[in-house]
Amino acid sequence: QVQLVESGGGLVQAGGALRLSCVASGSIFRINAMAWHRQGPGKQRELVATITNGGTTHYADSVKGRFTISRDNAKNTVLLQMNSLTPEDTAVYYCNADVQGRNLLRRDYWGQGTQVTVSS
């Protein structure tokens, strides 16, 4: 079994910054792509950013130029640096990882989510 634990959410004023962290632990052989998703009030969950094992990144148009995703493969960690935050970024942010376990089976895992609230 694999667990993803997010941290770093909180309340920030518009224009501010936050850094989210997600650590994967458990029976891990290899982590493939990792990603951040978010779900705002009354909205569907949406993809924010992804990063492959090799470091290739992809961003939603709404966060390009403001958010940066990175990872530390040795620590099974993915980060999301969020700058120039706006109230529209208010959401629960979820970490997601495509993990190949030590039993060599591959599965998608999700964290429990961390709240980000941006005040105007």
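Which residue's side chain meets that of Asp61 in a salt bridge?

## The Asp61 pair

In this predicted model, the partner of Asp61 is Lys64, and the N to O distance of their salt bridge is 3.1 Å. Asp61 has a relative accessibility of 65% and therefore counts as exposed, the cut-off being over 50%.

This pair is one of 5 salt bridges held by the structure.

## The Asp89 pair

A further salt bridge links Asp89 with Arg38; the closest N and O atoms are 2.9 Å apart. Asp89 is situated in the loop between β8 (77-82) and β9 (91-101), whereas Arg38 belongs to strand β4 (residues 28-39), so this contact ties together parts that are 51 residues apart in sequence.

Are the two residues of this pair, Asp89 and Arg38, buried or exposed? Both Asp89 and Arg38 are buried.

## The Asp98 pair

Asp98 and Arg106 also form a salt bridge through their side chains, at 2.6 Å from N to O. The two partners fall into separate accessibility classes: Asp98, with a relative accessible area of 16%, is buried because the cut-off is under 20%, while Arg106, at 58% relative accessibility, counts as exposed.

How values were computed
Residues numbered from 1 in each chain as written. Predicted model: local features only at pLDDT ≥ 70, side-chain atom pairs only at ≥ 80, totals over all residues. Heavy atoms only, no water. Salt bridge = Lys/Arg side-chain N within 4 Å of Asp/Glu carboxyl O. Helix = DSSP H or I, 4+ residues; strand = E, 2+ residues; numbered from the N terminus. Buried < 20%, exposed > 50% of the residue type's maximum accessible area, 1.4 Å probe, protein only.
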